[in-house]
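User: Please take a close look at the ligand site for me. I would like to know which parts of the chain come together there and what lies behind them.

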Amino acid sequence: MKKISVLFVCLGNICRSPAAEAIFISLLEKKGLTDGFIVDSAGTGSWHIGKRADSRMRIAAERRDINILSKARQITSEDFEEFNYIIAMDDSNFRNIQDFKNRTASAGFASIKKIQDFRSVFNEQEVPDPYFGGNEGFDYVLDILEDSVNGFLESIS
Ligand code: 4NP
């Protein structure tokens, strides 16, 4: 059977989208669905290409037994052809993804969505950027994402 491919996208690809990616992978493992999916993350910006996720996010995730292993990359026009779903963390990412797609005249049928459209417990309409804040912001992002990433998986499986 053809795999379902999912790309999570934020600004820097070092905090929110790598966390969403790792939470999604962990959920797939728990549900025995790993083989049916291709999962990745990317940033709309280029500042952190090649870097591992922010250590504050990695440490917060490890406390929940979630390992963030990805290295940052920037979204490319091919992503619109290679992924079934491109999932933005906030409204600005969502607009930037659409602008990028139009600017690069990318073909492809990727469905572009916002992760918080799949929320059920938390009311946040966007995943707040934790980068310039304190440690508690990273835990809050994980709380929000554990809810909405689960909702996203349920919506497609
Ligand atoms: P992210 O967070 O988009 O969740 O990876 C950010 C990381 C870095 C920057 C901004 C947001 N930055 O300005 O470098």
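Analyst: Happy to, and one term comes first: a polar contact is a pair of N or O atoms within 3.5 Å; within protein, one must be able to donate a hydrogen and the other to accept it, and residues adjacent in sequence count only if both atoms are side-chain atoms. Please keep in mind that this is a predicted model, where local features need pLDDT of at least 70 and side-chain atom pairs count only at pLDDT 80 or more, while totals for chains, interfaces and linings use all residues. Residues are numbered from 1 along each chain as its sequence is written, and side-chain values use heavy atoms, leaving out hydrogens and water.

Let's begin at the ligand itself. The residues around it, each with a heavy atom within 4 Å, are Cys-10, Leu-11, Gly-12, Asn-13, Ile-14, Cys-15, Arg-16, His-48, Asp-129, Tyr-131 and Phe-132. A polar side-chain atom of His-48 is 2.8 Å from one, a backbone N or O atom of Cys-15 is 3.0 Å from one, and a polar side-chain atom of Asp-129 is 3.3 Å from one.

Because its relative accessibility is 1%, Asn-13 counts as buried; the cut-offs are under 20% relative accessible area for buried, over 50% for exposed, and partly exposed in between, with a 1.4 Å probe and protein chains only. Its phi is near 60°, a positive value in a residue other than glycine. Most residues other than glycine have a negative phi.

Next comes Asp-54, in the loop between β2 and α2. At 11% relative accessibility it counts as buried. Setting aside neighbours within four places in sequence, Asp-54 is in contact (heavy atoms within 4.5 Å) with Ile-14, Cys-15, Tyr-131 and Phe-138. Ile-14, Cys-15 and Tyr-131 are also among the residues surrounding the ligand. The Asp-54 side chain makes a 2.7 Å polar contact with the side chain of Arg-56.

Asp-139 has its place in helix α5 and, with 24% relative accessibility, counts as partly exposed. Its side chain and that of Arg-63 are joined by a polar contact of 3.2 Å. Not counting residues up to four places away in sequence, Asp-139 touches Ala-60, Arg-63 and Arg-64. Met-57 is 82 residues from Asp-139 in sequence, yet their C-alpha atoms are 8.0 Å apart.

Now for the strands behind the site. β1 spans residues 4–10, and six of its seven residues are buried. Its partner β2 (residues 37–43) runs parallel to it over seven bridges; pairing here requires that DSSP find at least two bridges between the strands. In that pair, Val-6 stands opposite Val-39. Between β1 and β2 the chain passes through helix α1 (residues 16–31), and this β-α-β crossover is right-handed: with the strands pointing away from the viewer, the path from the first strand over the helix to the second runs clockwise.

β1 also pairs in the parallel sense with β3 (residues 85–88), over four bridges, and here Phe-8 faces Ile-87. Within β3, Tyr-85 and Ile-87 point one way, Ile-86 and Ala-88 the other, and all are buried. In a regular strand the side chains alternate between the two faces of the sheet.

Finally, there is the nonpolar packing, where a core is a set of buried Ala, Val, Leu, Ile, Met, Phe, Trp, Tyr and Cys residues joined through side-chain atoms within 4.5 Å. The largest core holds 36 residues, and those with the most contacts inside it are Phe-8, Phe-24, Ile-115, Leu-145 and Phe-152. β1, α1, β2, α2 (55–62), β3 and α5 (135–156) each provide at least two of its residues, with α5 giving the most, nine. A second, separate core of 13 residues includes Val-9, Phe-83, Ile-97 and Ile-112.
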